[in-house]
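Here's a quick tour of one structure, taken a topic at a time. Have the viewer open as you read.

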Amino acid sequence: MAYCCCTSAPSSFHHLVTNFPPHSKRLKIPHQNRWPDGTQRTSKVYAYHGLKTPPYKLDALEPYMSQRTLEMHWGAHHRGYVEGLNKQLEKNDALYGLTMDELVKVTYNNGNPLPEFNNAAQVWNHDFFWESMQPGGGDTPKLGLLKQIEKDFGSFTNFRENFIEAALTLFGSGWVWLVLKRKERRLEIIKTSNAITPLVWDDIPIISLDVWEHSYYLDYKNDKGKYVSMFMNQLVSWDAATARIMRAEAFVNLGEPKIPVA
């Protein structure tokens with residue numbers, strides 16, 4: 001979803017048509033419809049990014065992640081990144097029309113991030129994180145994904161222990177990811193600091209865990225270990241992970257096992 005604001009511009013400008021969600025605000029439609037020379041005015045339409053809703057109700061992850069946490073984390077922190085990004089985009093015509101994936105990669109600027117990067121990456125990261133969880137999640141992946149994890153980590157137990165260890169040893173704020181490395185054609189666990197996302201290295205994210213303190217403090221206080229264990233045992237969406245790695249196989253030949261395995 002996106003919302004727009006309009007300003008007058010000559011007819012040579014390209015038009016971008018978008019949908020207006022019910023909560024759109026600050027729309028300014030010019031009343032004048034002609035330029036001083038009598039030619040018809042048209043509008044230059046600026047596309048902004050909207051706040052995506054998690055794919056479940058805010059209380060659906062309880063008791064492992066509370067509605068209170070979702071209201072604060074998604075409703076305040078995530079919303080703040082979206083609003084901050086939109087304010088920045090008002091001042092940078094060069095970034096209009098980019099998808100969120102493109103925006104993250106462009107603003108990373110080969111390791112010399114532009115001012116828009118942190119907000120853009122955090123919007124992308126949070127959208128991906130919400131979709132990495134599901135009510136009734138946890139347990140173990142099924143069929144092909146499990147075989148691939150066993151192939152790349154030796155066993156699911158090894159993977160689980162390595163993922164938890166990565167989260168507990170991440171210094172400061174950041175993220176833990178299970179990614180598919182394109183060149184190596186294998187799954188790997190990586191840690192990123194602050195807003196950095198694996199997209200900037202051309203990795204394909206499969207699941208993610210937000211290890212910023214605001215993601216768990218209301219429910220677990222300083223017990224990051226309990227939060228990480230609850231994520232792995234009760235929240236992680238192996239359904240989403242399987243769908244993501246199936247899409248990834250269109251770009252990366254993993255050989256055997258094929259995913260999914262019938």
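**The S3–S4 loop**

Lys 183 sits in the loop that runs between strand S3 (174–181) and strand S4 (186–193). Keep in mind that this is a predicted model. Beyond that loop, the notes below cover a pocket and some backbone details.

**More on this loop**
- Lys 183 counts as exposed, because its relative accessibility is 81% and the cut-off for exposed is over 50%.
- From the C-alpha of Lys 183 to that of Asp 202 is 9.6 Å, with the two residues 19 apart along the chain.
- Arg 185 is in the loop between S3 and S4 too, and has a positive phi of about 55° although it isn't a glycine.
- With a relative accessible area of 45%, Arg 185 is partly exposed.

**The largest pocket**
- Its volume comes to about 350 Å³.
- The lining is made up of 15 residues, with Asp 101, Trp 124, Ile 204, Pro 205 and Arg 247 nearest the centre.
- Helix H2 (100–108), helix H3 (117–130), strand S5 (204–210) and helix H8 (238–248) each put at least two residues into the lining, and H8 gives the most, with three.
- Sorted by class, the lining has eight charged residues, seven nonpolar ones and no polar ones.

**Other backbone details**
- Glu 62 and Pro 63 are joined by a cis peptide bond, with omega at about 5°.
- Pro 63 belongs to the loop between strand S2 (42–47) and helix H1 (67–89).
- Asn 109, in the loop between H2 and H3, is a non-glycine residue with a positive phi, near 55°.
- Asn 109 is partly exposed, at a relative accessible area of 34%.

Note on methods. Residues numbered from 1 in each chain as written. Predicted model: local features only at pLDDT ≥ 70, side-chain atom pairs only at ≥ 80, totals over all residues. Heavy atoms only, no water. 1 Å grid on protein atoms, 1.4 Å probe; cavity = no way out; pocket = protein on both sides within 12 Å on 5 of 7 lines; lining within 4 Å. Points joined across faces, edges and corners; volume = space filled by probe spheres on them. Helix = DSSP H or I, 4+ residues; strand = E, 2+ residues; numbered from the N terminus. Nonpolar A, V, L, I, M, F, W, Y, C, P; charged D, E, K, R; others polar. Buried < 20%, exposed > 50% of the residue type's maximum accessible area, 1.4 Å probe, protein only.
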